[in-house]
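Hi everyone, thanks for coming along. I'd like to walk you through a structure that may be new to you, so please have a look at it with me.

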Amino acid sequence: MYKKSPQGWLKHWDFILVDIICLQLAFVVAYFVRMGFGNPYSDQMYRTVALVFVLCQLVVMFLGQSYKEILKRGYYSEFTKTAKHVLMVMLLSVLYLFVTQQADTYSRLTLFYTAFLYLCFDYVGRVWRKEYVIKRNATAKKEKSMVVVASLAEAEETIQKLMGGPIQNFSISGIALLDQNAGTTEIAGIPVIGNIDTVGEYLCHEWVDEVFVKIDEKEPYPQKLIDEIITMGMTVHLSLGEMEKSLSGQNFIERIGEYTVITSSINTASPKQMLYKRLMDIAGGIVGCLCTLLLIIIIGPMIYIKSPGPIFFSQVRIGKNGKKFKIYKFRSMYMDAEARKAELMSQNKMDGLMFKMDYDPRIIGSEKKDKNGNPKGIGNFIRKTSLDEFPQFWNVLKGDMSLVGTRPPTVDEWEQYELHHRSRMSTKPGITGMWQVSGRSDITDFEEVVKLDTGYIEKPLSLRTCLIKKVCTSQAQQKKRRSVLEQNGSGDTEQ
């Protein structure tokens, strides 16, 4: 029988206990420093807050990722994760104090002391626990014995990868070669116990709990050996061979109907992460729609007076995985803009499947120039300031778009996509994204746009901080560029 390793929070019960002890210790010491020596648990309010601290820790543990790959983190990475964990716990605790109207009664200084001491104690506690676990694992007698079956060419690399993690509860007692290679008695310090034809005898009479089989595409599939191992009651870990290289992105096993399948995707998101993102989109969508209502009152009449017709422009765009939806914008172009696009294609400055040009004559009021000869009509103004994008907050609220994502292509652009272009549409399109904040006026190569968008999709968490920084720092730079270049084409085809 194979005993699965604990999953989720259960496998980190020791670190959860360390966090709880460190927080309670910080709570007691902070009370001593502020109130003098006494029993903080004798006061009903402080006793309740101590319990709330534990509950907040559990909430952050379930909703956050405080312990993800905790044994692989370095000192700096562990400090940042610990600081984030402490911050979230204390913010939830402060929220409780405000909601229960105890914020004026509970000592603020005690709360600050608790937060600071908790960060110090918890960081030291986590580092100590990690070093202890890793050291104990390195010297402890292993619970399970494993035999590795691999080709001679891949045997050493396979052993290195198996033993590469910080924690292993098995020891490799021998190697069996898939190919017939006599004369090799040891690989990476582990004895060669036979080949595919003779290893069965060894497995039958020696202590072996598990067998790891690394499939070699050059050798026949060892079906007979695998059947024998299962018949003997041992656990088999079967690698995917060359298939592992084709399964890029993130992979996991699941059930579809009566089939057990290996699922591979460019990236995956848990239901919890999807909920967070959707809640942020709803909040941002509501605020954006309220701002749009104000803009309708201000710029709506200006658009209509200069170019009679609807003040909104709608167009079918391509969303996640090719799903069509209708996008909304403030109309910044004359009514015949779509029909005139074909005759202006020769002036497209984008190298690839987007349309963008300087001094677009289809923009409302573009015939009006400033003293430098740049267009200064209402259409140019709302495009330069991106006010035309505000109605898209309605698309965000509906769920067609997200606040952050890739820009949705038009139908004619989508129909010209090559295979690798499609990856940028594997997530919901957004109002802003990596291309927009990376200097869209300067990026005219569509392949570079695809590279930026795909990079965000593959590593959204690591790039999110980068994206926020770029949003903050690029606004002044883009405003300066646009005053010179007059950014008339937004990369969209609202024509």
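This is a predicted model: local features need pLDDT of at least 70, side-chain atom pairs count only at pLDDT 80 or more; totals for chains, interfaces and linings use all residues.

As general background, nonpolar side chains in soluble globular proteins tend to be buried together.

Take Val89 as one example. Setting aside residues up to four places away in sequence, Val89 touches Leu23, Phe53, Cys56, Gln57, Val60 and Tyr118.

Now to a pair of helices. Two packed helices are described by the angle between their axes and the distance between the axes. For α2 and α3, the angle is about 130° and the axes are 9 Å apart. Why are these two called oblique to each other? Angles over 145 degrees would count as roughly antiparallel and 65 to 115 as roughly perpendicular, so with an angle of about 130°, α2 and α3 are oblique. The crossing of α2 past α3 is right-handed.

Which residues make that contact? From α2 we have Thr48, Val49, Val52, Phe53, Cys56, Gln57, Val59 and Val60. From α3 come His85, Met88, Val89, Met90, Leu92, Ser93, Tyr96 and Leu97. Sorted by class, that gives 12 nonpolar residues, four polar ones and no charged ones.

Let's move to a residue in helix α1, Gln24. Is Gln24 buried or exposed? Its relative accessible area is 15% and the cut-off for buried is under 20%, so Gln24 is buried. Beyond its neighbours within four places in sequence, Gln24 is in contact with Tyr41, Ala50, Phe53 and Val54.

Next, please look at the loop between α3 and α4, where we find both Gln101 and Gln102. Gln101 is exposed, at 70% relative accessibility, whereas Gln102 is buried, at 17%. Leaving out neighbours within four places in sequence, Gln102 is in contact with Met45, Tyr96 and Leu97. Gln101 has something else to show us: a positive phi of about 60°, although it is not a glycine. In general, most residues other than glycine have a negative phi.

Ser386 also has a positive phi of about 60° and is not a glycine. Where is Ser386? You'll find Ser386 in the loop between α11, residues 378-384, and α12, residues 392-398. Ser386 is partly exposed, with a relative accessible area of 24%.

One more residue for today: Asp281, in helix α9, residues 271-306. Asp281 is buried, with a relative accessible area of 4%. Asp281 and Val396 are 115 residues apart in sequence, yet their C-alpha atoms are 6.3 Å apart in space. Not counting residues up to four places away in sequence, Asp281 touches Val396, Met401, Ser402 and Leu403.

Finally, the whole protein. It has 16 helices and 12 strands, and 43% of its 495 residues are buried. Of the contacts with a separation of 6 or more, 69% are between residues 24 or more positions apart.

Technical notes. Residues are numbered from 1 along each chain as its sequence is written. Side-chain values use heavy atoms; hydrogens and water are left out. Contact means heavy atoms within 4.5 Å. Helices (H or I, at least four residues) and strands (E, at least two) are DSSP runs, numbered from the N terminus. Buried means under 20% relative accessible area, exposed over 50%, partly exposed in between (1.4 Å probe, protein chains only). Axes are lines fitted to C-alpha atoms, for helices over the stretch in contact, and angles run from 0 to 180 degrees between N-to-C directions. Angles under 35 degrees count as roughly parallel, over 145 as roughly antiparallel, 65 to 115 as roughly perpendicular and the rest as oblique. A crossing is left-handed if the near helix is turned anticlockwise from the far one by less than a right angle, and right-handed if clockwise. Ala, Val, Leu, Ile, Met, Phe, Trp, Tyr, Cys and Pro count as nonpolar, Asp, Glu, Lys and Arg as charged, and the others, Gly among them, as polar.
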